[in-house]
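The following exercises concern the chain shown below.

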Amino acid sequence: VQLQASGGGLVQPGESLRLSCAASGRPFNINYMGWYRQAPGKQRELVAVSTSGGSTNYADSVKGRFTISRDNAKNAVHLQLNSLKPEDTAVYYCYAVVRPLSDTFYSPYWGQGTLVTVSS
């Protein structure tokens with residue numbers, strides 16, 4: 001199973017970006033999908049997560065500004081980043097908890113990071 005992320009870039013404070021991530025590979029079921037980020041010199045932190053049932057959870061620092069959404073038909077997750085701040089600058093990683101149909105258990109999978117830079 002592979003996760004392919006896209007959508008990072010350089011924006012000014014207050015602007016928006018949309019990150020996308022799609023899972024592909026052998027047949028699988030997905031439970032959680034979401035995004036983590038890691039800023040320079042800091043630990044990786046949860047940004048937002050969505051369950052297969054549609055529940056969502058956000059880091060306090062992004063509540064009201066970021067919105068996570070899933071397209072279950074396309075095995076994809078999106079993150080709309082609005083009102084971006086310089087402190088949102090980080091590498092954003094797509095994350096999914098997946099069970100290949102040939103396996104018994106769910107396991108975490110990570111996509112490659114995509115850099116978001118917020119600077120004037």
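**Exercise 1.** What percentage of the contacts in the chain with a separation of 6 or more is accounted for by residues 24 or more positions apart?

*Solution.* The model is predicted, so local features require pLDDT of at least 70 and side-chain atom pairs pLDDT 80 or more, whereas totals for chains, interfaces and linings use all residues. Residues are numbered from 1 along each chain as its sequence is written, and side-chain values use heavy atoms, with hydrogens and water left out. A contact is a pair with heavy atoms within 4.5 Å. Residues 24 or more positions apart account for 55% of the contacts with a separation of 6 or more.

**Exercise 2.** Describe the secondary structure and overall dimensions of the chain.

*Solution.* Elements are DSSP runs numbered from the N terminus, with helices (H or I) of at least four residues and strands (E) of at least two. On this basis the chain has 0 helices and 11 strands. Its radius of gyration, taken over C-alpha atoms, is 14 Å, close to the 14 Å from the globule rule (2.2 Å times the number of residues to the power 0.38) for 120 residues, so the chain is as compact as a globular protein of that length. Along its principal axes, the C-alpha trace spans about 50 × 25 × 25 Å.

**Exercise 3.** In what order do the strands of the open sheet of 4 strands lie?

*Solution.* Strands pair if DSSP finds at least two bridges between them. The order is 1-3-8-7, with antiparallel pairing. Strand 1 (2-6) and strand 7 (66-71) each have a single partner strand, so one side of each lacks a neighbour in the sheet. Strand 3 (residues 17-24) and strand 8 (residues 76-81) are joined by 6 bridges; Leu19 has Leu79 in strand 8 as its bridge partner.

**Exercise 4.** Which residues have the most contacts inside the largest nonpolar core?

*Solution.* A nonpolar core is a set of buried (under 20% relative accessible area, 1.4 Å probe, protein chains only) Ala, Val, Leu, Ile, Met, Phe, Trp, Tyr and Cys residues joined through side-chain atoms within 4.5 Å. The largest such core has 32 residues, and Trp35, Val47, Phe66, Leu79 and Tyr92 have the most contacts inside it. Strand 9 gives the most to this core, with 5 residues. Leaving aside neighbours within four places in sequence, Tyr92 is in contact with residues including Trp35, Val47, Phe66 and Leu79.

Definitions and conventions. Buried means under 20% relative accessible area, exposed over 50%, partly exposed in between (1.4 Å probe, protein chains only).
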